[in-house]
Amino acid sequence: MEVQATDSQVLTWRDKLHAWRQQHVSERMFILVLAFLVGFFAAVAAFVLHWFINQIAALLTSSFDATTSNWPYLVYPVIGIYLTSLFVRHIVKDNISHGITRILYAISQNHSRLRSHNTWSSVIASAITIGFGGSVGAEAPIVLTGSAIGSNLGKLFKMDSHTLMLLVGCGAAGAIAGIFKAPIAGLVFTLEVLMIDLTMASLLPILVSCVTATCFTYIFSGDAALFTFHLDNNWTVERVPACIGLGVFCGLVSLYFIRAMGFAEGIFARFKERPYVRLALGGITLSLLIFLFPSLFGEGYASINLLLNGQTEADWNQILNNSLFSGDSHMLIPYIALVLLTKVFATSATNGAGGCGGTFAPSLFIGCFAGFLFARVWNIEEVGVYVPEKNFALMGMAGVMSGVMHAPLTGIFLIAELTGGYSLFLPLMIVSVMSYLTIIIFEPHSIYGSRLAREGLLITHHTDHAVLTLMQLDSCLERDFEAVPRDMKLAQMVHKISRSRSSILPVTDAAGVLLGEVDITKIRHIVFRTELYHNYTATQLMLPPAATLSDQMPMTDVMKVFDETHADQLPVLDHEGHLKGYISRQRLYSQYRKMVADMSED
């Protein structure tokens, strides 16, 4: 009884706070306050995660010898993945992988509602995975964390689904802005990757979240950036062909990244119910790759900074440290190429074995290596004018990110803000656009959206498609129907007809499987002739429906079926053929028009 009283008091307190807020604070102003809070908490989460990662990595690698290989590379990642899998399996008890994909799913299918544990579980899991050397990124877990903070704050204050979607976008934008100290990139990321349309009403809250997260990140961590870059070789128009070539190369590398990632994920998916087999397979693969190519250890940001800031061969050869090729400068280009090719498998092995991390950082890593490799080969072959390797390593980061995420604006602004490389803005644009134009020939969706697109669950900027994706079949389903058995006489059916609100009587068997339909409008010539009431049964009067709908069918397909059949209402069946209800054309279009109107409001 005491517990019930306490719950009642909590609910009353929430209701009173909600009522006070509605009376004294306008909706628009309150959303801005929530956006500020989301930005602040996203910055805190990003700082905590990177602090944990750095502390764990420093503790484990402080005794490594840079001039030779180190056997702990074989052990640390497996330990980290095992600890992460135990944490997820026994504490979280939910799937927290593919963070950005989960956000897209929540927006399209779950009214932008993310579970409360997502506000902290990804931070802990990814810190363990990456700190122990897992070859993944911390960005996707932080984006999921920021979005979950926005979603749960919105739920706490009883915001509607439209505002929840905006707060999810604020969380994602704030996370990107905070991690990279790049507020414009955070804003553009929300537009391009999460597909949240920016009206004037939604633009300001997202900007507030981005600026708040960036400012507090500066307060927490100072002026230091994740990557440092100093331009010492200005771009000239003679390098346009090289930039176009790099863009095409980055697009092809992005295609390899997406396809190889999908292939590797498919292999690990076969062992979904056998976690220790996945751990063994992924752990052995990852440990071997990191032992051969230590640059794959962790996020790889140290290697990126080496390529972005190297001035001489001696500087760039440092990337061979800790490997079997240490000190052999002739192996630099083969090493770069092999790391580029194997990074995607190291990332897949980390997540497939039970680790937690994203593909954001791996795309930056591969892009940097791809840009450096392209420039070095270009200069060796003397294809044209000399191109500086460090500049092209920077542009390669934008190129591969643009291709993998299908987000050229995010790639351009993120790299420009992240490194202060605004003097390379034009070549960044050329490379990013060419990479995007190359990848869309082969892959219509980003690495995040491809999984949902295959199921018809991906939100796009096409308003009609976006509305249909957001619509839920259950919300249109009419379950108030009068089913009749196959052997029922017309005399008994008349009583059913008098109570029915529909012109259709479904005929089902004892298990509820749909056998056919009796269209009341087509039996008027006998329904009023009482002498025929015992001459006809439901089986004799029923007809097959114009079409049937599956309860798992996307709303885009539902709309197509209605357009093709011109039916007024259609039955919805489960996978065993049981009748769940009916969808009427009138109700479907009514809800569709309402959602279009809601999305059009500023």
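Which elements do the buried residues of α11 pack against? They pack against α3 (76–92), α10 and α14 (332–352). This is a predicted model: local features need pLDDT of at least 70, side-chain atom pairs count only at pLDDT 80 or more, and totals for chains, interfaces and linings use all residues. Residues are numbered from 1 along each chain as its sequence is written, and side-chain values use heavy atoms, with hydrogens and water left out.

**Helix α11**
- Helices (H or I, at least four residues) and strands (E, at least two) are DSSP runs, numbered from the N terminus.
- Helix α11 covers residues 275–292, 18 residues in total.
- At 1.5 Å a residue α11 should span 26 Å, and its end C-alpha atoms are 26 Å apart, so the two agree. The expected span is 1.5 Å times one less than the number of residues.
- The buried residues of α11 are R278, L279, G282, G283, L286, S287, L289, I290 and F291. Buried means under 20% relative accessible area, exposed over 50%, and partly exposed in between (1.4 Å probe, protein chains only).
- An α-helix has 3.6 residues a turn, so residues three or four places apart point the same way.
- Contact means heavy atoms within 4.5 Å.

**Nonpolar surface patch**
- I244, V248, L252, V433, L437, I440, I441 and F442 form a nonpolar patch on the surface. Together they have about 640 Å² of accessible area, by the Shrake-Rupley method with a 1.4 Å probe, where for residues only the protein chains shown count as cover.
- Patches are made of residues with over 30% relative accessible area and no salt bridge; like charges are joined within 9 Å, nonpolar side chains (Val, Leu, Ile, Met, Phe, Trp, Tyr) within 5 Å. A salt bridge is a side-chain nitrogen of Lys or Arg within 4 Å of a carboxyl oxygen of Asp or Glu.
- The largest share, three residues, comes from α10.
- L437 is found in helix α18. L437 counts as partly exposed because its relative accessibility is 42%.

**Two loop residues with positive phi**
- K181 is found in the loop between α7 (161–180) and α8 (183–192). K181 is not a glycine, yet has a positive phi of about 55 degrees. At 10% relative accessibility, K181 is buried.
- H406 is found in the loop between α16 (389–405) and α17 (408–419). H406 has a positive phi of about 55 degrees and is not a glycine. At 11% relative accessibility, H406 is buried.

**Sheet**
- An open sheet of three strands has the order β1-β2-β3, with mixed pairing. The edge strands, β1 (484–485) and β3 (514–519), each pair on one side only.
- Two strands pair if DSSP finds at least two bridges between them. Two bridges join β1 to β2 (residues 504–508), and these strands run parallel.
- V484 has V507 in β2 as its bridge partner.
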